[in-house]
Amino acid sequence: MQRLLLLSLLLVGLRPSSSQTNSQDVAALQALMKNWQNVPQNWTGTTDPCTSWDGISCSSGRVTKVWEFARMQLHWQYSERDRKLNPAHLPGPNSNNFTGGIPPTLGHLSNLFLLDLTANQLSGQIPVSTSSTPGLDQLVSTKHLYFQNNKFTGPIPESLGLVQTLEMILLDKNQFSDLVPKSIGNLGNLMELNLASNLLSGTVPDLSNATQLNYLDLSNNNFASSPAPGWFSTLTSLNTLLMDNDGLTGTIPRALFSLPQLQQVSLADNTLKGTLSMRSNISPLLRVVNLTNNQIIEANVDPGYNISLILTGNPICLDDTSICKPKQQQQGVLGQCGAVPCPHNQSAYPATSQNSASTRSSQSQGSMIFMVLIMHSLFFLKSKCTPCFFEKQMYSLF
């Protein structure tokens, strides 16, 4: 009898409670549900977010991820009878078409690790806290903010720099305006910053203190004309620098090409001029230097660097056509993109698909990872030649 009683108590202890999600987190997500249109069908006021809502991940009843909406629709599109995946059936990058804004109550998700709102029709400004209302600057545990490919407007909040845990900020392809807040440059853990294709103005931000930064894209904004910033020569963790059409003037610091981790530089469509100096201590990892459509009149390049230097559209090409000819190494499987690197903790397709599939024992799980990668590759086709993927996130889908 005692054994039966003990077994009954154990079973009661294992039985899930009626609500698995912290009540404050439930209120924040319900506000999100009310603010958005076209939310997943299982987002209802009568179901528990941690156990029932698509795109929500939790740990110990606290919401840790709001993410992957653009990829979820792949689940129902895959058929066991058709393993070849007809790309015409894949949703486009705006497949969910969520509309609305970000409710300030999301700031109550104090355990949130990842907020991924990529590729929707979301609009409005990023909410910040006041004396009476919460805001995203209160997401003190968040490391990843992905807001790219939406319709967000207004300034990037200065208080966003108070979230010292941030490692990745992806706000590209929106309509953010005004200055880049100085606080962003003081995020000591920041590894990837993408603010490309917005309406940002003022001077190019000072990122001297973002010493962990390895991937930076500020291309296609409205920055005031200015010389190349000093941090071009000091960010030793930098592996990718993309600043096309950013009003850069003057000469390119020769020390830029000596950064030990540097793999890709694109400074096209600026007014950089004078002599390009790439003579000594060139990073052994450097694979792509794209300086298309500048005002460079002379190039002093180490003959040992023969990977990919693109000078098309510069005055030097009128006098020295040999240096402007594409290198043979450019014409490989990656085409004109060259060896485009990936940010920290990411891998380039197809390497990720091979690695991911090998870590999953189930054939169906491997197939789903493959589908997600195909979706990613279609999504990035117009913006990145070699899409990059977060392997840890891939595993979290299943």
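What does the accessible surface of the chain come to, and what percentage of it belongs to carbon and sulfur atoms? I get about 18,600 Å², with 52% on carbon and sulfur. I keep in mind that this is a predicted model.

Next, the overall make-up. I count nine helices and 22 strands in the chain. Of its 398 residues, 51% are buried. I also looked at contacts between residues at least 6 apart in sequence: 53% of those join residues at least 24 apart.

Then the inside. The largest nonpolar core has 77 residues. I listed the members that touch the most other members: Leu-115, Phe-147, Leu-256, Leu-267, Leu-276, Met-278 and Leu-311. For elements that each supply at least two residues of this core, I noted helix 2 (23-35), strand 2 (62-66), strand 17 (271-278), strand 19 (295-301) and helix 6 (316-319). Helix 2 gives the largest share, four residues.

Leaving out residues up to four places away in sequence, I find Leu-115 touching Val-66, Leu-106, Leu-136, Leu-139, His-144, Leu-145, Tyr-146 and Phe-147. Another core, of five residues, lies apart from the largest one; Trp-67, Leu-114, Met-168 and Leu-170 are among its members.

Last, the record. An unreviewed UniProt entry annotates residues 23-59 as "domain: Leucine-rich repeat-containing N-terminal plant-type". In the model, I find that span to be 46% helix and 11% strand. Its end C-alpha atoms sit 14 Å apart.

Notes. Residues numbered from 1 in each chain as written. Predicted model: local features only at pLDDT ≥ 70, side-chain atom pairs only at ≥ 80, totals over all residues. Heavy atoms only, no water. Core = buried A, V, L, I, M, F, W, Y, C linked by side-chain atoms within 4.5 Å. Buried < 20%, exposed > 50% of the residue type's maximum accessible area, 1.4 Å probe, protein only. Contact = heavy atoms within 4.5 Å. Areas by Shrake-Rupley, 256 points an atom, 1.4 Å probe, with all protein chains shown as cover. UniProt positions renumbered as here; feature names shortened; annotations may be inferred.
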